[in-house]
Amino acid sequence: MSAAQPNRLPKLERYLSAPRHNPTALHLILAAQLRRLRLAARLSPIAAGDVLRCSDSKISRLERGEVQLKERDVADLLRLYGVGAEEAAEFLTLVRRSNQSGWWHQFDDVLPKWFDKFIGLQEAASVIRTYEVLLVPGLLQTPEYARAVAAADSRPAEDQRIVERRAELRLARQELLDYPEAPKLWVVLEEGVLHRQVAERKVMCEQLRHLARAAQRPNIRVQIIPFTAPQCVTSGFPITHLRFDPPELPEIVYLEHVRDAVYLDKAEETEQYRSILDGLLNAAECPEASLQRIQDAAVRYC
């Protein structure tokens, strides 16, 4: 049975021409393309599994981007789906690129394994919604504030070099906000974030001024939940919700704990947290009032 030729999604060009190589994004796109091709060929996961001598559940995990794409397996699937030799060769070239290390692996000495995936997903996202209870989000931190946070997170035995490396990684992640097709960043903060002094006063002053400037950028929206908001609206812990351009990619909720993290991608799970975020947004002040609150807080430190 012959399948349609590979659908060359325009969105794919965004990841191929991105300023930094992001294998996570490319991996997700290629996995979704394999599902598209299988459906176009009117084949079941069982039929695809028979070709690879694996279960249909593995095919489902492969199409969700949960397992590595192996060139031989992908080549077999492309033949099954009726993809032409030229298109298949191009697809396999992209598979090889998706298996290369991302830019963030230069920080492997300080990068927790459970955080590795999040960096790639965050760069791949078209919309990032995040809620913070205690700290300014990493994407909006100044260098001095980032160093203070990194120092607070470090164990007593760790030296200053480790602290600096962690701060460098945090700042390197911020480059995605300046990409030609930068994601939309929607931040909701508890008012306590503005008043919690995690560094000396001049550092806090510049951090809040920086936050105020960021809030006025076209791709960034910052809203503050005031102390006077009902207590029932707070979740009590940070939440990050990631949405992607290709509709076939699942939304992902990221929940970070002290020494690990949870990634949720099932529809019923992401819907629950999306609803929580909607409630938090409703409790927050509008962007204009939030900006004024940030500026007022900065004055108290400056």
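**View 1. Strands S4 and S5 pair in the antiparallel sense over three bridges.** In this predicted model, local features need pLDDT of at least 70 and side-chain atom pairs count only at pLDDT 80 or more, while totals for chains, interfaces and linings use all residues. Residues are numbered from 1 along each chain as its sequence is written, and side-chain values use heavy atoms, with hydrogens and water left out. Strands (E, at least two residues) and helices (H or I, at least four) are DSSP runs numbered from the N terminus, and two strands pair if DSSP finds at least two bridges between them. His241 has Val253 of S5 as its bridge partner.

**View 2. S4 is also joined to S1, by five bridges, and these two strands run antiparallel.** The bridge partner of Ile128 is Leu242 in S4. Four of the five residues of S4 are buried, where buried means under 20% relative accessible area and exposed means over 50%, with partly exposed in between (1.4 Å probe, protein chains only).

**View 3. Helix H12 comprises the 17 residues 267–283.** The expected span is 1.5 Å times one less than the number of residues, so H12 should span 24 Å, which agrees with the 24 Å between its end C-alpha atoms. Its buried residues are Thr270, Tyr273, Leu277, Leu280, Leu281 and Ala283. Because these cover an arc of only 160° around the axis, they lie on the same side of H12, the arc being that of the directions from the helix axis to the C-beta atoms. On the other side of H12, Ala267, Glu268 and Asn282 are exposed.
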